[in-house]
Amino acid sequence: MVKALQPGATIGIVGGGQLGRMMAISAKEMGFRTGIVDPVEDCPAAQVSDWHIMANYNDQLALEELARRSDVITYEFENVDVATLNQIVQKANVPQGTDLLAITQDRLMEKNFLENNNIVIAPYATIISPTDIQEAIDGIGFPCVLKTTRGGYDGHGQYVLKSSADLAPSMNLLRQGTCVLESWIPFEKELSVIVSGNLQGEYVTFPVVENIHCNNILHETIAPARIEQDVADEISRIAKVIAKSVSLVGTLCIELFLTEAGTLYVNELAPRPHNSGHYTIEACSISQFDAHVRGVCGWPLSQPKLLSPAVMVNILGERLLHTYQLIGEKPDWQFHYYGKSPAKKGRKMGHITILTEDVDQTLEEVKNTKIWD
């Protein structure tokens, strides 16, 4: 019998960005205290937490202090140092473990994991030296994408090759280490799904959503995705296969491509709450952050229900001030600001969620503000 944490216990969070902030807010609503490890003073999560250890994520002494002061430890992003976290696993309560973290930090490990679970992924080849690329391209063909095995996000650490002319500039990535060359999937839609698990082995999935990216950064999420029910059911099945295979505790996001022919390819896993799941705060019976906190604390999980269709729009640094004028103009829009500073171009500073009965009309309304042009 799993002993659930009671309100008043302390949740230690490694990482102090916006995901840690929203995680801490959920934890606070359930009566928990929260502490943060993050190197940045006045980071988003520290602003809403009880205490903040200012240190790097791989600072073993800082993580040991976090363990001493916390009843359970979780993380808000996947770039936590696995080796350092492993040093405290034996003396701290880290219900998520580090296996999923290790898998998702390395593209090759992630691909092997998915293949071993009979999950369809894009054809790929391992690239260790420049001489490997031509042979791989002969098998995969153009267009294709060269990606670093570690550390990529929001389009960083990858290069699209459309012809032989792109080979030379793509070589810069190989200087960072082993890479993966993937076939370019001509997708019709980019989709994602959030799945959560707890210590009792319960797994629940959130509605499948549709994502629209601009310059490799998520721009809009549409919930639910405009897809057939059998496709949504298959994605939920895939999510639960992955969750069960890693004994998932907490929240995981699975990103997928859907082709015109109806084929689904899993593109990437994120072992934590995800940008495309922010709509759940207002639009679902339980948010992805609530499910994460409940999961790591051993609380039961209920099957999330979509209360209303929704559109989520990210606010980037270059548009931050422009969105302020919308606050007075759009009383039905839900504005979330992360407390980050400074506002840099391409940096996620907040998001807006719009509950709607007409998604197309809402997308047009967002477009007509001209703030995201």
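This is a predicted model: local features need pLDDT of at least 70, side-chain atom pairs count only at pLDDT 80 or more; totals for chains, interfaces and linings use all residues.
Helices here are DSSP runs of H or I with at least four residues, strands are E runs of at least two, and both are numbered from the N terminus. With that in hand, Leu321 sits in helix 11, residues 320-327. Residues are numbered from 1 along each chain as its sequence is written, and side-chain values use heavy atoms, with hydrogens and water left out.

**Surface patch**

- Leu321, Tyr324 and Ile327 make a nonpolar surface patch of about 320 Å².
- Patch members need over 30% relative accessible area and no salt bridge; like charges are joined within 9 Å, and nonpolar side chains (Val, Leu, Ile, Met, Phe, Trp, Tyr) within 5 Å.
- The areas come from the Shrake-Rupley method with a 1.4 Å probe, and for residues only the protein chains shown count as cover.
- Why does Leu321 count as exposed? Its relative accessible area is 63%, and exposed means over 50%, buried under 20%, and partly exposed in between (1.4 Å probe, protein chains only).
- An α-helix has 3.6 residues a turn, so residues three or four places apart point the same way.

**Salt bridges**

- Side chains of opposite charge can pair when their charged atoms come close.
- The structure holds 14 salt bridges, each being a side-chain nitrogen of Lys or Arg within 4 Å of a carboxyl oxygen of Asp or Glu.
- Arg272 pairs with Glu78, with the closest N and O atoms 2.7 Å apart. Arg272 is in the loop between strand 14 (264-270) and helix 9 (280-283), and Glu78 is in the loop between strand 4 (72-75) and helix 3 (82-89), so the pair ties together parts 194 residues apart in sequence. Both Arg272 and Glu78 are buried.
- Arg107 meets Glu268 at 3.1 Å, N to O. Arg107 belongs to helix 5 (residues 107-116) and Glu268 to strand 14, so this bridge ties together parts 161 residues apart in sequence. Arg107 counts as buried at 9% relative accessibility, whereas Glu268 counts as partly exposed at 24%.
- Glu182 and Lys111 form a salt bridge at 2.7 Å, N to O. Since Glu182 is in strand 8 (residues 179-183) and Lys111 in helix 5, the pair ties together parts 71 residues apart in sequence. Glu182 and Lys111 are both buried.
- Lys189, Glu210, Arg226 and Asp360 are linked in a salt-bridge network.

- Four strands make an open, parallel sheet in the order 3-2-1-4; strands pair if DSSP finds at least two bridges between them.
- Which strands are at the edges? Strand 3 (51-54) and strand 4 are, each pairing on one side only.
- Neighbouring strands of this sheet are turned by 20° against each other on average, direction ignored.
- Strand 1 (residues 10-14) and strand 2 (residues 33-38) run parallel and are joined by five bridges; Ile11 stands opposite Thr34 in strand 2.
- Helix 2 (residues 60-69) lies across strands 1, 2, 3 and 4, at about 160° to strand 3. Axes are lines fitted to C-alpha atoms, for helices over the stretch in contact, and angles run from 0 to 180 degrees between N-to-C directions.

**Helix 10**

- Eight of the nine residues of helix 10 (residues 288-296) are buried, so the rest of the structure largely encloses this helix.
- Its buried residues pack against strand 1, helix 1 (18-29), strand 4, strand 9 (187-197), strand 13 (250-259) and helix 9, where contact means heavy atoms within 4.5 Å.
- Just after helix 10, Gly298 takes a positive phi of about 80°.
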